[in-house]
Amino acid sequence: VVNEVVSQLVQAIRARDSRFGSIERLSAGSYYERVKISEPNEFDIMLVMPVARLQLDQSDDTGAYYYLSFKRNPKEKYLLKFLDEDGKLSAFKMLQALRDVIKQEVKNIKNVEVKRKKAGSPAITLQIKNSSGEISVDIILTLEVQQSWPPSTRDGLKIEQWLGTKVRGEFRNRPLYLVAKQNKKDKVLKGNTWRLSFSHIEKAMMNNHGSSKTCCESDGSKCCRKSCLKLLKYLLEQLKMKYTRELDKICSYHVKTAFFHSCVMWPKDTDWHLGNLDHCFQNYLGYFLDCLEKSYLPHFFIPQYNLLSLEDTASYNFLSRQINYQLNNRFPIFQE
């Protein structure tokens, strides 16, 4: 269902607006990493636009958000219409143009509508109604830039012991992805910041997660890495349903980042032996709890960027108490 709708949209976007003529789809997120839990009712589709070169200027001290401008006459003349008055590439203008095209095209597709825009959200969300219920598809505008990763990423992606130095080098040679994402710290929502995205690398790490190349292949030995991630995602999802307000600052990306750090701490496949699921899960959970207690979880690719901001400590303490309760009572939430 999702593929049909998305391919129709991609064709229409290319045809209706020449500025988006080079757009390609890339599937990202948990469903495509095979760690989706519960219903397959949420999908992330990145619409990727290739751009040759951009000037990146950090917009704050996280090292994750950037202003983008063109170094000299760009090959992509059609993008000049999206510059704001300071000559910066406006995420807001590009999203708006894309949203307009999608809104027009959706009129021709049965049972699909564009949901109302959430302030500062990088996604255009489609609601697809089908026989088994509603499916939500987030369409994320992404620039693919053929240039080296910015300095803030230099000490990140510490996977040498886990996946090897060669793999790290290969990853860092891949293009840079930037998504239209407003920086929450900005007091005025100008809509001209872009955030680095590593979805393509995360997907590659998930799908080839073993320190030995045959981990979890049909003839290789099986590990429990993904099972541990799914368990913690499920635990968080259930707690968020119960305590929506208290936990609205916490998302599955926190759990996923802690997972990658755990893979680095316990790099060998034998550290994640399938038969030791409970022990492995407790190690990973212990690390995540430690992060919550310190309000410190460094971004896996941008180590200077702490994903747990200090003003949300109450939320982390609340989650920490809930998880400890589950842990000490043999996870009643899994029985419900």
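Tutor: Let's start with K294, which counts as exposed because its relative accessibility is 55%, and the cut-off for exposed is over 50%. Keep in mind that this is a predicted model. K294 has a partner, D290, and the closest N and O atoms of this salt bridge are 2.8 Å apart. Both residues belong to helix α7, which covers residues 277-294, and they are four residues apart, about one turn of the helix. D290 has a relative accessible area of 31%, so it is only partly exposed, since that label covers values between 20% and 50%.

Why would two such side chains team up at all? Side chains of opposite charge can pair when their charged atoms come close.

Now hop over to R14 and E24. They form a salt bridge too, with 3.6 Å between the closest N and O atoms. This one links distant parts of the chain: R14 is in helix α1 (residues 2-16), while E24 is in strand β1 (residues 24-28), and the two are ten residues apart. How exposed are they? R14 is partly exposed, at 32% relative accessible area. E24 is partly exposed as well, with a relative accessibility of 47%.

Next up is the pair D17 and R19, whose closest N and O atoms are 3.1 Å apart in their salt bridge. Here, both D17 and R19 are buried.

Altogether, the structure holds twelve salt bridges.

So what about the place where the two domains meet? The domain assignment gives domain 1 as 1-200 and domain 2 as 214-334, and their C-alpha centres lie 26 Å apart. Across their interface, the rule finds zero salt bridges. The domains do touch, though: 25 residues of domain 1 are in contact with 19 residues of domain 2. There are also three residue pairs in polar contact between the domains, counting pairs with both residues at pLDDT 80 or more. Together, the two domains bury about 1,900 Å² between them, with 65% of it on carbon and sulfur atoms.

Methods:
Residues numbered from 1 in each chain as written. Predicted model: local features only at pLDDT ≥ 70, side-chain atom pairs only at ≥ 80, totals over all residues. Heavy atoms only, no water. Domains from an automatic or database assignment. Contact = heavy atoms within 4.5 Å. Buried area = accessible area lost by both parts, 1.4 Å probe. Salt bridge = Lys/Arg side-chain N within 4 Å of Asp/Glu carboxyl O. Polar contact = N/O pair within 3.5 Å; in protein donor to acceptor, adjacent residues only side chain to side chain. Buried < 20%, exposed > 50% of the residue type's maximum accessible area, 1.4 Å probe, protein only.
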